[in-house]
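The numbered points below are meant for someone who has not seen the structure before.

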Amino acid sequence: MKLKITGVVPLSPTIREFLLADAEGAPLPTAGAGAHIMLRIPGPERMWKNAYSLVSSPEDHHEYKIIVRRVEHSRGGSAWLHDHAAIGDMLEAETPQNLFPIPLLAYKHLLLSAGIGITPMLAYLQVLRKPFELHHCGKLEDAGAFAGLLPTAPNVFMHTNRNALDLEYLLAHQTLGTHLSVCGPASFMDVVLQTAQNLGWPGAKVHKESFGGATGGTPFIAHLRRSNITISVGADESLLEAIETAGLTPPSLCRGGACGVCETALLDGVPDHRDHYLSDTQRACNSAIMPCVSRAKTPELVLDI
Amino acid sequence: MIKSRPVYRPFALDVTGRAHLVITDQPQPPEALDLALANISLWTVKTIAPGVPAPAAERCRTFRAVPEMFAFLSHYLSRASIGLRFYAVGSEPFIWDAYNIGTGAGLTAAEMFLAQSGPPCRRVYCCHCKTMIDDVKETIAVCPGCGSSLQVRDHFSRRLAAFMGVKVDAETPGNIPLPELLSS
Amino acid sequence: MNLILKPAETYRGDYSVRNSDAAILRFPFPFPEDSYMYSVNIEPHVPGGPSVAYDAAFDLDEHYIGECADRAITLADDPMRCIVMPHLIDAEWDTLELLMESLAKDYPEQFVLTKDGAVWHWVNHPLGIDQKFTFGDATTLPYPPFEFITRQVQGDFTLQDQRDNNLFVEGGMVTAQADWSLNFDAGMSFMEWHAPVPLAHQSGVFERALAYLLRLQYGKPVRRLNWTLTANPRLDTSPENYPIWGPEKAAITPENVGERLCLRVELQTLTRLPRSNAILFGIRGYLIRLEELTRVKKWSRRMHRLIRDLHPDIATYKGMSGYRQTIIDYLGSFDDGAPTSSGTASEQTSL
């Protein structure tokens, strides 16, 4: 669908809010809390395809609201949105999809977020039907921007120093019906997920959406065996993007290593797995790769594609 | 055996749990249970003298009957912390009733472990009049609610903790096959 | 879309329901070949296909009023044919939104939906319903939201919660089922509720189907066809009421098989719902008497061969053991042995 930027609100030097309406003013498809849209953002040399969580309510069919952090060593998309996007600009977007839905059986929601990972939680807060507790961890310079977005309530906590959150105590003292939903950079997620696992949290009660962290990396070569093409994957693009630039259209969905749709068989080379989908066994035997996020440890990979 | 019919593994502790609650409808603990481990509680059912409760104890408790145990279970689970693993060992209706108390308290399948012990003994749900029939040991059961002769199927509902019963002679009334003993 | 409605006919007792010529020609005949085996056979649910029955998001036909009336009778006798577990309340509103918007879009002469913020106004001309309500507030509707709207749409519906890499059937309006019990199956996982289907489990059909459905995207519904046979055009062939319809099966004879025996086809749709992330499973059933079906030459030949050569386990599971030979004999008289083309289209514009 075609969206028009109808509002741009800087919340801090690096955090900016955007309002998006249908280009023709038609009602937008309903987007559940936790959903994201994939925006196609025009860069100087190529199109970026970036996912942003919707922070607006599912009942707002006039505009979607997203919050974008300008990533420091930006791969392009967020930088363009901060530096160039203006009211009236048009962007292509895909129908919202939800890979971070609210767990419906929870008796209580324990929400943990860090940095821009707060965005799906902002949508959650508008619709949660059960009691919840939200703990947000952020950098000091972002505290003002995020505090303004959060309600003042006894169950909403801002931690500007991650050590101020006693994660171990929090996760060790939750009643059986509590579900944990966590979103943030990979380093934050790793600590939370590991702590939860150590304390005996079952996977079915831990819900996560990762907003990456380490994007891009060392360039490498990929041989696409069945297509008889060899491509080079640059430092600032993903393997999937490089495959698409070469003219192929492999199946993909979340573009964040979570959903499994882009799983591709690997014929040679050692992958650098950065996904959340493959099993430990699959990772260990180097038989498959998720090209949307993963890269290479060896200079070359051979894909069965 | 059809996919809805549960298949049970032998009792064993899940080491990823921080605390363990083991309950059984029998007076003795399940085999292979090492009570020396500090974070295990064991509950059994045993009659000491008619109506007389067993002395209160921290980790090993004995109840006068299953209903008393289940009442205590609901209360216990409402205050337990995530990290608990819950085990029920006993007759098939007992372990699934325990399972449903567990899900009511917020436990998921990954946190609960069921092991069936004792002879085959099914609870059957008459899908015509919705009556529950206990202690069924044969392939045909007569429903005390509506009088139908029911074919005892292997299709099992965890929520109802019962097997499906459907009128065996619906198409040709009176034509009822001879019952056989249930093998599981 | 063009919709010509008949007054209500019956699906029980005297079974007065009949298909017009137009209904016969648009029937979603499910067999592209002369033989049948299970497959995942899912395709995108988009307009266009061998029959106009595939054009609307939720197809309505001339039997709309009669089917809604039959559903109301079944529910009056057994309210537990409509169950939605409390945690799926958002899925109820998702379903109401989806069905109202679809019907208003596809059949604008019969259904009108206007919105003023959260205040909605729904008009259903054929059933004489004029309802103002507040979206999200169940106290402003005469029935819970899921029940309210599914009473006004042909076909059964179930709601599946997606969690823990699995689907759980935890809601439904099931009054026209092919012999399964919502009250018994409510709460079951995908493999559990499909447990009674023979053969399919060995070939991995259900594993592939589940993996596919877990990735079902919002805005991209899919569909597939399923089929069975029913004695008399009866919608309520539930296990609960087997004592009523069971004897009707036994009463099928060579003299009445053409009139009474029906091919029952389910056009199944699967749609991702936005607020709940649940999956809405639509089971739109179509009934056609064999004597109506055999007015289409290609379908006559194909049905004969397919039933004749069907795997015995599938025949048993679909409940036709008692009259399979009777059907084969009846259909045999319509099969001249000529080759039939692939595909399901009738290849006739009149009967």
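1. Once its neighbours within four places in sequence are set aside, B:A88 is in contact with B:I23, B:F94, B:I95, B:A98, B:Y99 and B:L114, where contact means that the C-beta atoms of two residues, placed from the backbone, lie within 7 Å. This is a predicted model, in which local features need pLDDT of at least 70 and side-chain atom pairs count only at pLDDT 80 or more, while totals for chains, interfaces and linings use all residues. Residues are numbered from 1 along each chain as its sequence is written, and chains are lettered from A and ligands numbered from 1 in the order in which they are written.

2. B:A88 and A:I66 are the residues with the most contacts inside the largest nonpolar core, which has 119 residues. Such a core is a set of buried Ala, Val, Leu, Ile, Met, Phe, Trp, Tyr and Cys residues joined through C-beta atoms within 7 Å; a residue is buried if 20 or more other C-beta atoms lie within 10 Å of its own, exposed if 12 or fewer, and partly exposed in between. The element that gives the most to this core is helix α3 (residues 89-106) of chain C, with eight residues. Apart from this core lies another, of 26 residues, with C:L263, C:L287, C:W299 and C:I307 among them.

3. Helices (H or I, at least four residues) and strands (E, at least two) are DSSP runs, numbered from the N terminus. Of the 18 residues of α3(C), 13 are buried, so this helix is largely enclosed by the rest of the structure.

4. Chain A is divided into domain 1 (2-98), domain 2 (108-210) and domain 3 (220-303), with bounds that come from an automatic or database domain assignment. The C-alpha centres of domain 1 and domain 2 of chain A are separated by 24 Å, and 13 residues of domain 1 of chain A are in contact with 13 residues of domain 2 of chain A. On the domain 1 side, the elements that give two or more residues are β1 (2-12) and β5 (63-69) of chain A.

5. Chain B is divided into domain 1 (19-116) and domain 2 (122-167), whose C-alpha centres lie 27 Å apart. Their contact takes six residues from domain 1 of chain B and six residues from domain 2 of chain B.

6. Between chains A and C, the contact takes 17 residues from chain A and 14 residues from chain C.

7. Two loop residues deserve a look at their backbone angles. A:N228, in the loop between β13 (220-224) and β14 (229-233) of chain A, has a positive phi of about 60° although it is not a glycine, and with 7 C-beta neighbours inside 10 Å it counts as exposed. C:D179, in the loop between β7 (166-173) and α5 (182-185) of chain C, also is not a glycine and has a positive phi near 60°, but with 16 C-beta neighbours inside 10 Å C:D179 counts as partly exposed.

8. On confidence, the predictor gives the complex an ipTM of 0.94 and a pTM of 0.92. The mean pLDDT of chain C is 94, and 100% of its residues reach 70 or more, pLDDT being the predictor's confidence in each residue, from 0 to 100.
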